[in-house]
Amino acid sequence: MSGADREVPAASPAPGTRTEIWRVRVDPKACMGTGICAGVAPDRFQVRDGISHPTAAYVPPEDQVVDAAESCPLEAIRVTHRDTGALIAPEE
Amino acid sequence: MTITDPHPFPFSEPDELRIDPRFEQIREKEPLCPVQLPHGEPAWLVTRYEDVKTVLGDPRFSRAEAVRRDEPRTRYHRGLPGNIMEFDPPEHTRLRRVVAKAFTARHVEDLRVRAQEIADRLVDEMIAQGPPADLVSAFALPLPVTVICELLGVPFEDRTRFRHWSDALLSTTRFSPEEIERCAGELSDYMAGLVAERRKHPQDDLLGVMVAARDEQDRLTEDELVAMGVGVLVAGHETTASQIPNFVHTLLEHPEELARLRADLDLVPQAVEELMRFVPLGSASTARYAVEDVELSGGVVHAGEPVVVSTAAANRDTTVFTCPERLDLTRKEAAHVGFGHGPHHCLGAQLARMELQVALSTLLRRLPGLRLAGTEEDLVWKAGSGVRGLEKMLITWEAAA
Ligand code: HEM
Ligand code: HEM
Ligand code: SF4
């Protein structure tokens, strides 16, 4: 349930590494346009014509992106490490 | 613009499931309409689909501000202190994440088999008794109540007690303010008791998950924990329980659509979406306050002004839905806003969808020739409640020889 004790994937760079970049994707087939993600992270998601779009595909690590992915009822948002592809959120 | 000469709102007493024609005029001519709700200060009423989404979804509109103000509302009661509707992101996100996982589409799918069992057992009992049956008490109420009790971890045997409390909280005029406050107190004491019970005997139900989130991770306060339990219990059954008979009633009034659905039960998920769009369940949303000036299609809402939205009016917006007053079960247009929009988008939406799908398919499959047992005049509609629906709905069907 919790995000606080989310395990850091083994392949991820050491915490605090400046170069760490995340990739944000929305599965347009799963998204129902609820607008929850855009409410949680307005800088990172925009809903247009009933589908959410990340405002940027690559973002620095930040809680609001994880929060959005964990809040999506359709689990349509995937946040991964750009370099390793390891899943950051949502929790499986 | 400022909010002057407000129209009394709701415009009229609910008339079964009909929408007051004034909504259509207002949506076209007065997209920012000054209204006075039964309680709280005057507000703007917003009715256009895109505007409704902006008010509910844009961070320039706040729920937290409403708590500090005399917010416009249809009910006397303002909700328990610490309930999730009192917060904006990121505080709101902190609370919502405690429960969000339990309500994802994936997790709700796991509950479908159990919901189907409950629905089948209820219909078995109706068939054993033989027609006529009261759809409300025999099916529409016990189905969502059993589901939410099991999910949350509330004893089903207590349902008559919390149903009375929940009725009072949802009431607009049926109970006095003193009664409502007393019921709110009793319901939260009851929930606090269940929480204490979880601390002694940990469980892996949702209440147990919430208690662990508080005790082990300090993710919410005790007030927030109790208010969340009450909110899920109240919001989790009254709405769905009202919609089941509302949907059946609407289908009976549209025999061609009903025949289509009977002929192809694979249409049920689509039918549920269209019925959610079509049936006006509540009169107005909880209010949002503009925290800065915001331009909507009909003008500017100034910082500090409250806005209420009508999702029912938005769901009939002619710029979004063709012939919106027509029930068309295979409509493929924009998504309805019956579950709201933005950060407060209904937590239980996936659960409600699943329950409504199970309810419709089970009733149509197992009760051939389902129809009203009496006439329209025999139907008892709820009065003085925030949600529209039937108090009692006698139905009959072709009993097997
Ligand atoms: C945190 C928990 C709660 C949530 C999430 C919640 C959510 C909702 C939602 C989504 C609706 C439908 C609104 C619409 O159709 O536009 C609704 C309606 C309503 N809810 Fe709640 N509710 C909660 C708790 C409560 C409580 C505790 C009460 C009673 C005090 C209450 C009273 C009502 C009433 C009266 C309506 C009818 C709509 C109206 O007239 O404004 N709700 N609620
Ligand atoms: C057909 C049934 C239902 C309808 C029409 C409905 C409608 C709504 C709407 C319109 C809202 C947004 C209120 C606003 O923004 O002012 C809402 C919120 C909410 N609903 Fe529902 N609801 C239904 C069933 C349920 C169920 C089964 C649950 C059980 C968990 C539930 C729990 C909630 C909660 C907790 C919120 C507040 C969410 C938040 O503040 O983040 N609802 N609902
Ligand atoms: S929260 Fe999920 S379903 Fe809702 S708009 Fe965002 S991506 Fe789509």
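**Entry 1. Chain A, overall**

I looked up the burial of chain A and found that 46% of its 92 residues count as buried. I note here that this is a predicted model. I then looked up the secondary structure: chain A has two helices and six strands. Read from the N terminus, its elements follow the order β-α-β-β-β-α-β-β. Turning to contacts with a separation of 6 or more, I found that 52% of those in chain A join residues 24 or more positions apart. For the accessible surface of chain A I recorded about 4,700 Å², with 48% of it belonging to carbon and sulfur atoms.

**Entry 2. Chain B, overall**

Of its 401 residues, 55% are buried. Contacts between residues 24 or more positions apart make up 73% of the contacts in chain B with a separation of 6 or more. Its accessible surface is about 16,700 Å², and carbon and sulfur atoms hold 53% of that.

I next looked up the dimensions of chain B. The C-alpha trace spans about 65 × 55 × 40 Å along its principal axes.

**Entry 3. The iron atom of ligand 2**

Which protein atom is a donor to the iron atom of ligand 2? I found SG of Cys346(B), at 2.2 Å, and this residue is the only protein donor. I then located Cys346(B) in chain B: it lies in the loop that runs between α15 (311-314) and α16 (349-366).

**Entry 4. Helix α13 of chain B**

I examined helix α13, residues 255-263 of chain B, and recorded Glu257(B), Leu258(B) and Leu261(B) as buried. Where do these buried residues fall when α13(B) is seen down its axis? They keep within an arc of 100°, and therefore line one face of the helix. The face turned away from the buried side carries Pro255(B), Glu256(B) and Ala263(B), which are exposed. I also looked up what covers the buried residues of α13(B): the cover includes α12 (238-252), α14 (268-278) and α16 of chain B.

**Entry 5. A sheet of three strands in chain B**

I traced an open sheet of three strands in chain B, ordered β5-β13-β10 and paired antiparallel. The edge strands are β5 (133-134) and β10 (371-372); each has a single partner strand, so one side of each is left without a neighbour in the sheet. Between β10(B) and β13 (residues 394-396) of chain B, which run antiparallel, I noted two bridges. Within this pair, Arg371(B) stands opposite Thr396(B) of β13(B).

**Entry 6. Backbone details**

I looked for cis peptide bonds in chain B. One joins Phe9(B) and Pro10(B), with omega about 0°. Pro10(B) sits in the loop between β1 (7-8) and α1 (22-29) of chain B. Another runs from Pro89(B) to Pro90(B), with omega near 5°. Pro90(B) belongs to the loop between α3 (64-68) and α4 (91-100) of chain B.

I also looked for positive phi values in residues other than glycine. In chain A I noted Asp49(A), whose phi is near 50°. This residue is in the loop between β2 (45-48) and β3 (51-54) of chain A. Is Asp49(A) buried or exposed? Its relative accessibility is 82%, so it counts as exposed. In chain B I noted Asp5(B), with a positive phi of about 45°. Asp5(B) lies in the segment before β1 of chain B, and its relative accessible area of 69% makes it exposed.

**Entry 7. Thr2(B)**

Thr2(B) also has its place in the segment before β1 of chain B. I recorded its relative accessibility as 54%; since exposed means over 50%, Thr2(B) counts as exposed. Which residues does Thr2(B) touch, leaving aside its neighbours within four places in sequence? I found contacts with Trp44(B) and Glu305(B). Last, I looked up Thr2(B) against Phe339(B): they stand 337 residues apart along the chain, and their C-alpha atoms are separated by 29 Å.

Methods: Residues numbered from 1 in each chain as written. Chains lettered and ligands numbered in written order. Predicted model: local features only at pLDDT ≥ 70, side-chain atom pairs only at ≥ 80, totals over all residues. Heavy atoms only, no water. Donors = N, O, S within 2.8 Å, 3.2 Å for Na, K, Ca; no water. Helix = DSSP H or I, 4+ residues; strand = E, 2+ residues; numbered from the N terminus. Buried < 20%, exposed > 50% of the residue type's maximum accessible area, 1.4 Å probe, protein only. Pairing = 2+ DSSP bridges. Contact = heavy atoms within 4.5 Å. Areas by Shrake-Rupley, 256 points an atom, 1.4 Å probe, with all protein chains shown as cover. Arc of directions from axis to C-beta.
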